[in-house]
Amino acid sequence: MKYRHIKKWILLAGIVLSAVASHFSGAINSYYLQIVIFIGINITLAVSLNLINGYTGQFSLGHAGFMAIGAYVSAYLSTEHSTAFFKAFGTNFFSIALLFIGVLIAGGLVASVAGFIVGVPSLRLKGDYLAIVTLGFGEIIRVLIQNTDAVGGPRGYSGIASYTTLFWTYSVAAITIYVVVSLVDSTYGRGFLTVRDDEVAAEAVGINTTRYKVTAFVLGAFFAGVAGGLYAHSTTYINPSGFDFQRSIEIVIMVILGGMGSTAGVTFAAILLTLLLEYLRFVSGYEWLPEIVRRIAQNRVIIYSLVLIALMLLRPQGLFGRLPRRGIPVGGMAASRRTKLPAASA
Amino acid sequence: MDDRRFLGYAPLRMTGTEFLQQLINGLSLGAFYALIALGYTMVYGVLRFINFAHGDVFMIGAFCGYYLSPRLLPHFTGWMTPLGPISVLVLTMLICALLGITIEKIAYRPLRSRPKLTVLITAIGVSLFLEYGGQFVFGADPKSFPELMPDRALEGTGALTITTTQLAAFIVTISLLVALTFIVKRTRLGMAMRALSNNATAAALMGVNIDTVVSFTFGLGSALAGAGGILFALSYPSIDPLMGLLPGIKAFVAAVLGGIGNIPGAAVGGIVLGVVETFVGGSAFSTYRDAIAFALLIIILLFRPTGIFGRAQIEKV
């Protein structure tokens, strides 16, 4: 393939650029810096969810749960166990970097174990059932955290060190994009698309659909966990209610808006949506706008819901997604393509 | 979600009276779940999709009751007093039925031939719209639901406490269940519903007007959810625009528990879930109460995905 190496160069360029940007980040207004970091975290979340929802066609509504696990595990490790670590390695630039990488990966790993646990029911469930089960898992994770006193329970967990910089955020985003794109483009990775497009046919040609589904969940959860770690070390305070259903929906909207199965589109949607939502904060302060417009701008979920309904009615493939071959639906539900009449019957 | 439905701490070992009391509380909670679950199950039976916004119709029902009661109740005095709450209930059910039909027409009908996932995403959108649009219109703060009827404990039940609202909830639920069974089993539209759920293509070929039947199903399910909203608000009189989310999802679990698409199954599933949840809520694990429904759902789907009464369907190529 002609473009084989271009992905590696883009990855490298991404990391170098984020290092350079990070070096100068002191010059940026801290409010803008925070937004730029949130954009990077959202890119990681959206691209990793796209692997599950877009490429593999398994509709997951529990991404915030994985993010919560990563956030809490990494925050707990870096807060409660850093003293011993710094005693052994000294407090300098490299030991902090080492610690941060360590806790991020630990958070990601624990999240991917949860991804494995969620992936297992996906062997038996499809479509809307799976969506509800993943939603349930997300809520169970939240309830469990709320009942864990070691991390503050419902009061939230504060006093987390502020380690997240532009460098970490965008390196992780670049790595996530690289891994997902390379994986899906590889010979092995074609299996993800096959599972999405027609599970029965995939099985018939000898593809281990179970393995692909679980792999997608484990990898997606890993990156969501790392993104959660970045988030926790950026805001320095996390709260279980910050990882609720609404947060999951936010990530799902990024994926749907960008186009399921289009990494570039999803990345763009993550940037667009994060900026748009920040901009709405200003809109709600504009005195010259009618009261009703300002109140709607304050309530971001009304806007989410309208975006979702309008997208599904007018452009279900998202901004950048391509409709699959004629006759095969976006979600890859094998059943619905066979009956043209209103309800898909068995 | 909150401790509104928290029924008090009790050790795991309980006396016979406590057991019966918890059973009664569980049954009345289960009655609400059953009413909502019926809507899920009917829509699933006909269209094979999960109407995510159903729990929010339940919320709208409670708010209809909130706004209608002060306007309607004063007109019913003297011997007509008992008709007041009934008129509120009936009007709410009508409004909710209209809402359900409108939602189906605007959001779901254009997508009917599209993949199920597209419709599910739309349903999530509609649900969020009702919740947060509700916050926008009704205000986000909880409101206290008016007393439609005197709420007191019945006499002559010994150590047990059965309140008048619990009794009313039972009576209304059972009469609605009977009415629903009659509609589904004995009327032409009910027969069309069953035909559609059995095989949509064949039903259409036999001259069943699919649009009418689907509208009717949505209307029926939403009316039941509206009634559930009123009864729920009578027992737990603090209502807010997000109140439908958790009961909605739990009722879905109840529908799956009974075998989705199966009408008696939904009623039984609702009652089982209500009882299980009440017993867990009264035990030392009360803080995990809201996670129980999800855990139950995952267990059923893993071991018996067709639910208690469901039949297995084979995917044909």
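**The contact between the chains**

The contact takes 49 residues from chain B and 44 residues from chain A, where two residues are in contact if their C-beta atoms, placed from the backbone, lie within 7 Å. On the side of chain B that touches chain A, the elements giving two or more residues are helix H1 (16–47), helix H4 (116–138), helix H7 (200–205) and helix H11 (289–303) of chain B. H4(B) gives the most to that side, 15 residues. Helices here are DSSP runs of H or I with at least four residues, strands are E runs of at least two, and both are numbered from the N terminus.

By class, that side of chain B has 32 nonpolar, 10 polar and 7 charged residues. Nonpolar means Ala, Val, Leu, Ile, Met, Phe, Trp, Tyr, Cys and Pro; charged means Asp, Glu, Lys and Arg; the others, Gly among them, are polar.

This is a predicted model: local features need pLDDT of at least 70, side-chain atom pairs count only at pLDDT 80 or more, and totals for chains, interfaces and linings use all residues. Residues are numbered from 1 along each chain as its sequence is written, and chains are lettered from A and ligands numbered from 1 in the order in which they are written.

**Confidence**

The predictor gives the complex an ipTM of 0.78 and a pTM of 0.83. For single residues we have pLDDT, the predictor's confidence in each residue, from 0 to 100. Chain A has a mean pLDDT of 84, with 92% of its residues at 70 or more. Its residues 325–346 are below 50, and that stretch has 61 contacts in the model beyond near neighbours in sequence. Chain B also averages 84, and 93% of the residues score at least 70. In chain B, residues 1–12 stay under 50, with 19 contacts beyond four places in sequence. Which elements of chain B have the lowest and the highest mean pLDDT? H11(B) is lowest at 79, and helix H3 (residues 83–108) of chain B is highest at 93.

**A helix pair in chain B**

Helix H5 (residues 164–186) and helix H8 (residues 210–235) of chain B pack at about 170 degrees, with their axes 10 Å apart. Axes are lines fitted to C-alpha atoms, for helices over the stretch in contact, and angles run from 0 to 180 degrees between N-to-C directions. The angle makes H5(B) roughly antiparallel to H8(B), a term used for angles over 145 degrees. Residues making the contact include Val172(B) and Leu176(B) of H5(B) and Leu224(B) and Leu231(B) of H8(B). By class the contact has 9 nonpolar, 3 polar and no charged residues.

**Single residues**

Ile140(A) is in helix H6 (residues 127–146) of chain A. Is Ile140(A) buried or exposed? Ile140(A) is buried, with 22 other C-beta atoms within 10 Å; buried takes 20 or more, exposed 12 or fewer, and partly exposed is in between, with C-beta atoms placed from the backbone. Ile140(A) touches Ala291(B), Phe294(B) and Ala295(B), not counting residues up to four places away in sequence.

Last, phi. Most residues other than glycine have a negative phi. Arg48(B) has a positive phi of about 60 degrees; Arg48(B) is in the loop between H1 and helix H2 (54–72) of chain B and counts as buried, with 23 C-beta neighbours inside 10 Å. Thr236(A) has a positive phi near 60 degrees, but counts as partly exposed, with 16 C-beta neighbours inside 10 Å.

Terms used:
Parallel < 35°, antiparallel > 145°, perpendicular 65-115°, else oblique.
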